[in-house]
Amino acid sequence: MDSDGEESLKKRKKKNSFAADFSRKFEPLSGRPYSLMGEVNFMQEEDIRLETTRARFSNVLKRHAELAERLSRDSDKSIFERLQKEFEAARASQSKEILLEGEEWNDGLLATMRERVHMEADRKAMSGDTNMMPNQHSDEKITFKVGSKMICCLEGPRIGIQYETSFAGEPCELYHCVLESKSFLEKMTVLEHTVPFFLPIREAENDLLSSNAIRFIDYIGELLQAYVDRREQVRLIKELYGNQIGELYHSLPYHMIEFVLDDFESKVIVSLRYADLMSVLPTRVKVFAWPMNQLQKSGSVGTHPSPARLSYAEDALRTMSLPEAYAEIVLNLPQAVKQICQERSPC
């Protein structure tokens, strides 16, 4: 009996010793002095990764800007200057300019223009004399005006389109596109153009030009105008509110835009994405705010408060131009930040 009791006591001691050892090994981290340091190190690592990503993104944007500048000078500028002179000469020598509206701009009219340029090119090729007395129709030089587009017949079997862009009622850049076909029966192709290289003119040529030339011509005009609208909106907020914007990033076609406001009682990050390159207003909008007092308090313990989403700012960006929405955001930001503080804790 005694031996049985001693054996039972030994088993109980061994079990209690294991439990104590287990509890020591799995003691809650909150009671350990090094747990806080682990959290700080983790947040520091996150910050380092974020800064590395930001630096890489900035470098990519810088390289894109340099590439855009390099591609837009020299040969591209010479093409623009040459085409601009050719279009000016065509307009100066026109017999008349016809304003087209609605269904007047159609496939039949474009076919007539194509027939005319090919007949004129064939006539000159057969005669071998460019000074040969022209007939009545070939002597008549007409340019057509369709909205912001000017369409004219150029020398050789070419049709030229000049696009005029604008912003807020003020004229912006001119762009050109020259179409050519080997014969009247063959499809047209884009011979040369001054459309920015990052806009998908070649994709549109493959998808539209052979099947619907009118739609192709109109699409390029809409594409250019949408690009200019987005670009000018960004330019305007930089011009008007540049001292309030800490950082601003955008893609070359301005269909992805991000900027930071840090000149207020909160840090605000705005992220805009556009559904496609034809969009003038963003479709995916995110606006986050961090009250500065909360950021300063959190800095002492190595943690960051979660941001608050500004729904009123997102609604404004979806329905207004960027400069108008920016003014709306700044106007209502103090009240929005105050409400965030009240909902969380006194700031």
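Let's start inside a helix: in α4, the residues L109, L110, M113, R114, V117, H118, E120 and R123 are buried, where buried means under 20% relative accessible area, exposed over 50%, and partly exposed in between (1.4 Å probe, protein chains only). Before going on, keep in mind that this is a predicted model, in which local features need pLDDT of at least 70, side-chain atom pairs count only at pLDDT 80 or more, and totals for chains, interfaces and linings use all residues. Residues are numbered from 1 along each chain as its sequence is written, and side-chain values use heavy atoms, with hydrogens and water left out.

Back to α4, which covers residues 107-127. Helices (H or I, at least four residues) and strands (E, at least two) are DSSP runs, numbered from the N terminus. With 21 residues, α4 reaches 30 Å from its first C-alpha to its last, close to the 30 Å expected at 1.5 Å a residue; that expected span is 1.5 Å times one less than the number of residues.

Now pick out E120, which sits in helix α4. E120 counts as buried because its relative accessibility is 19%. Although E120 and G156 are 36 residues apart in sequence, their C-alphas are 7.6 Å apart in space.

Next, look at a pair of helices. Two packed helices are described by the angle between their axes and the distance between the axes. Here α9 (residues 311-319) and α10 (residues 322-344) pack at about 170°, with axes 9 Å apart. Axes are lines fitted to C-alpha atoms, for helices over the stretch in contact, and angles run from 0 to 180 degrees between N-to-C directions. The two helices are therefore roughly antiparallel to each other, a label for angles over 145 degrees. Y312, A313, A316 and L317 in α9 meet L322, A325, E328, I329, N332, L333 and A336 in α10, contact meaning heavy atoms within 4.5 Å.

Finally, two loops are worth a visit. Most residues other than glycine have a negative phi, and most peptide bonds are trans. A168, in the loop between β4 (158-167) and β5 (170-180), has a positive phi of about 55° although it is not a glycine. Y254, in the loop between β7 (245-250) and β8 (256-261), has a positive phi of about 60°. A168 is exposed, with a relative accessible area of 71%, whereas Y254 counts as buried at 13%.

Methods
Angles under 35 degrees count as roughly parallel, over 145 as roughly antiparallel, 65 to 115 as roughly perpendicular and the rest as oblique.
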